[in-house]
Every structure is written in structure tokens, then in C-alpha cells.
Amino acid sequence: QVQLVESGGGLVQAGGSLRLSCAASGRTFSNYAMGWFRQAPGKEREFVGAITWSGGRTYLADSVKGRFTISRDNAKNTVYLQMNSLKPEDTAVYYCARNGRTYGSGSYLYRAQEYDYWGQGTQVTVSS
């Protein structure tokens, strides 16, 4: 069983920064792409970004390009989401997830149904 635990959320003013972390259990973390999604109240869960198993390629939603970056440390079984220039519309619960395919890479990483394990989420609130 894989467990994912997010941390680093909180309240920040517009224009500020936060770094989310997602720590994974298990010995095969480095075999899987990882993704970040978010869900705002009354809205559907949406893709934020993903990173391939090696960290060699990242994918970002258009709404966060130029502001967010994704990285991973396979030695620490952790994936990160660095969020800069935060906007009130970034307010949401942020979830990390593990892609269901080993060594995954490609446009399917944008789809939530391609992920098999999810964390509990961490709240990010951006005040104006």
C-alpha cells in the first residue's frame, strides 16, 4: 500500500510563495510519475502539474506556467510543488497523486483517472 502525505499549505498573501511537499511511502517511488491536482470549493478537481519518474520532464497547467515548478527527490521519496506569485484564484485544496503506470510519461499525465494513489490534501489559501 502506498501512502502519500502532503504538507506545506497555509495562508499567504497574493504575490507570496509556498512550497508544498508530498512524502511517499514504499520502495518504488522512483518508478512512477507524480502529479499535483487542486480542488476549489464548488469546482471540479483540476490538474496543476506532473513530473516524470526520473524528473526529466514536467508538465504544467497553463494557469500556473511561469509561476509554479515541480521537482522531486527520489532519494527522499518526495515530490515538491513550488508556488510563486500566488493569486487568490489559486486557493484550493492541493493533492498529490501517483500515476498508475510505471515509468509513465506523456499527455495522459494530465488526467486524474490515470492516478491510482492520492494524498489527503493540503489547504492553500491566498488572500487578496
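## A buried asparagine

The backbone nitrogen of Arg101 lies 3.1 Å from a polar atom of the side chain of Asn99. The model is a predicted one, in which local features need pLDDT of at least 70 and side-chain atom pairs count only at pLDDT 80 or more, while totals for chains, interfaces and linings use all residues. Residues are numbered from 1 along each chain as its sequence is written, and side-chain values use heavy atoms, with hydrogens and water left out.

Asn99 belongs to strand 9, where strands (E, at least two residues) are DSSP runs numbered from the N terminus. With a relative accessible area of 0%, Asn99 is buried; that word means under 20% relative accessible area, whereas exposed means over 50% and partly exposed lies in between, for a 1.4 Å probe and protein chains only. Leaving aside neighbours within four places in sequence, the contacts of Asn99 (heavy atoms within 4.5 Å) include Tyr32, Ala33, Tyr108 and Glu114.

## The nonpolar core

In soluble globular proteins, nonpolar side chains tend to be buried together. A nonpolar core is a set of buried Ala, Val, Leu, Ile, Met, Phe, Trp, Tyr and Cys residues joined through side-chain atoms within 4.5 Å. The largest such core here has 36 residues, of which Trp36, Phe68, Val79, Leu81, Met83 and Tyr94 touch the most other members. Among the elements that give two or more residues to this core are strand 4 (32–39), strand 8 (78–83) and strand 9 (92–102).

Met83, when residues up to four places away in sequence are not counted, touches several residues, including Leu18, Leu20, Phe68, Tyr94 and Val124.

## Salt bridges

A search of the whole structure finds 7 salt bridges, each being a side-chain nitrogen of Lys or Arg within 4 Å of a carboxyl oxygen of Asp or Glu. Arg38, which is buried at a relative accessible area of 5%, forms one with Glu46, the closest N and O atoms being 2.5 Å apart, and Glu46 is partly exposed at 35%. Arg38 also meets Asp90 in a salt bridge of 2.9 Å, N to O. This pair links distant parts of the chain, since Arg38 is in strand 4 and Asp90 in the loop between strand 8 and strand 9, 52 residues apart.

In another salt bridge, the closest N and O atoms of Glu114 and Arg101 are 3.2 Å apart. Glu114 lies in the loop between strand 9 and strand 10 (115–118) and Arg101 in strand 9, so the pair ties together parts that are 13 residues apart in sequence. Salt bridges that share partners join Arg38, Glu46, Arg67 and Asp90 into one network.

Technical notes. Helix = DSSP H or I, 4+ residues; strand = E, 2+ residues; numbered from the N terminus. Polar contact = N/O pair within 3.5 Å; in protein donor to acceptor, adjacent residues only side chain to side chain.
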